[in-house]
Amino acid sequence: MLEQEHFAVDAAYTGSDGLDCALSGIYDAIILDVMLPEMDGFSVLEALRAGGIAAPVLMLTARSGLEDRVRGLNTGADYYLPKPFERSELIACLNAITRRKDAPPVHSLSFGNAALNREQAALTCGETGKIVKLSAKEFQLLEFFMRNPGQVVPKETLLERVWGFENEAEYNNLSVYLTFLRRKIAFVGANIEIRASRGLGYSLEEKT
């Protein structure tokens, strides 16, 4: 249903599997059932918020009592939708929480000794003082990496976030822009690098 509405979706069928996925920090929103094997939804949500995951959470449950709704909201849920629900209501709720919780614009974002500046559309290195301009796609890629340092991000996720869900961009386009970024990171002398994990994706790491 969500894919028909042009959402990219990963499914997890136990609380612990869902927690592992969500802790990657790559998701725009999380739909979380309360009654789950291994860990219930409340425990998953508590662990997510304790782990610094700020993605909006839409809780689904057949338990519609006031106490459960209050507990869910107090734990950090953004919306609590009792079952049964209409498809249109779920989509409307999901659209609402993703609009409300969009990541704020970046003015300055840093990792290692490198900083990304939106106003200048540039990458700078505090240690060397060098600065280099970035293209729009280069900036979007590096911004996403800096928001999720150390996380292995699949190629598909990068393509979707930078080129769009319905865009026909091919993997070689991504490779070209990653090559450009690596050269510019090296040019300013930053102590960070974009590493490839074979068969998994890419991550932004500090050089050791």
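This section describes aromatic and helix-packing features of a predicted model.

The aromatic pair count comes to 1. Tyrosine 177 and phenylalanine 180 form this pair, with ring centres 5.9 Å apart. Their planes meet at 80°, so the arrangement is edge-to-face, the class assigned to planes over 60 degrees apart. Both residues belong to helix H7, which spans residues 171-188. Tyrosine 177 and phenylalanine 180 are 3 residues apart in that helix, and therefore about one helical turn separates them. Tyrosine 177 is partly exposed, at a relative accessible area of 25%. Phenylalanine 180 is also partly exposed, and its relative accessible area is 33%.

A further ring interaction involves a charged side chain. Lysine 130 places its charged end over the ring of phenylalanine 187. The distance to the ring centre is 5.2 Å.

Helix packing was examined next. Two packed helices are described by the angle between their axes and the distance between the axes. Helix H1 covers residues 15-22, and helix H2 covers residues 41-50. These two helices pack at an angle of about 20°. Their axes lie 10 Å apart. H1 is therefore roughly parallel to H2, since angles under 35 degrees fall in that class. The crossing of H1 and H2 is right-handed. On the H1 side, the contact is made by Gly15, Leu19 and Ala22. H2 contributes Val44, Ala47 and Leu48.

Key:
Residues numbered from 1 in each chain as written. Predicted model: local features only at pLDDT ≥ 70, side-chain atom pairs only at ≥ 80, totals over all residues. Heavy atoms only, no water. Phe/Tyr/Trp six-rings, centres within 6.5 Å; stacked < 30°, edge-to-face > 60°. Helix = DSSP H or I, 4+ residues; strand = E, 2+ residues; numbered from the N terminus. Buried < 20%, exposed > 50% of the residue type's maximum accessible area, 1.4 Å probe, protein only. Lys NZ or Arg CZ within 6 Å of the ring centre and 35° of its normal. Axes fitted to C-alpha atoms, helices over the stretch in contact; angles between N-to-C directions. Parallel < 35°, antiparallel > 145°, perpendicular 65-115°, else oblique. Left-handed = near helix turned anticlockwise from the far one by under 90°. Contact = heavy atoms within 4.5 Å.
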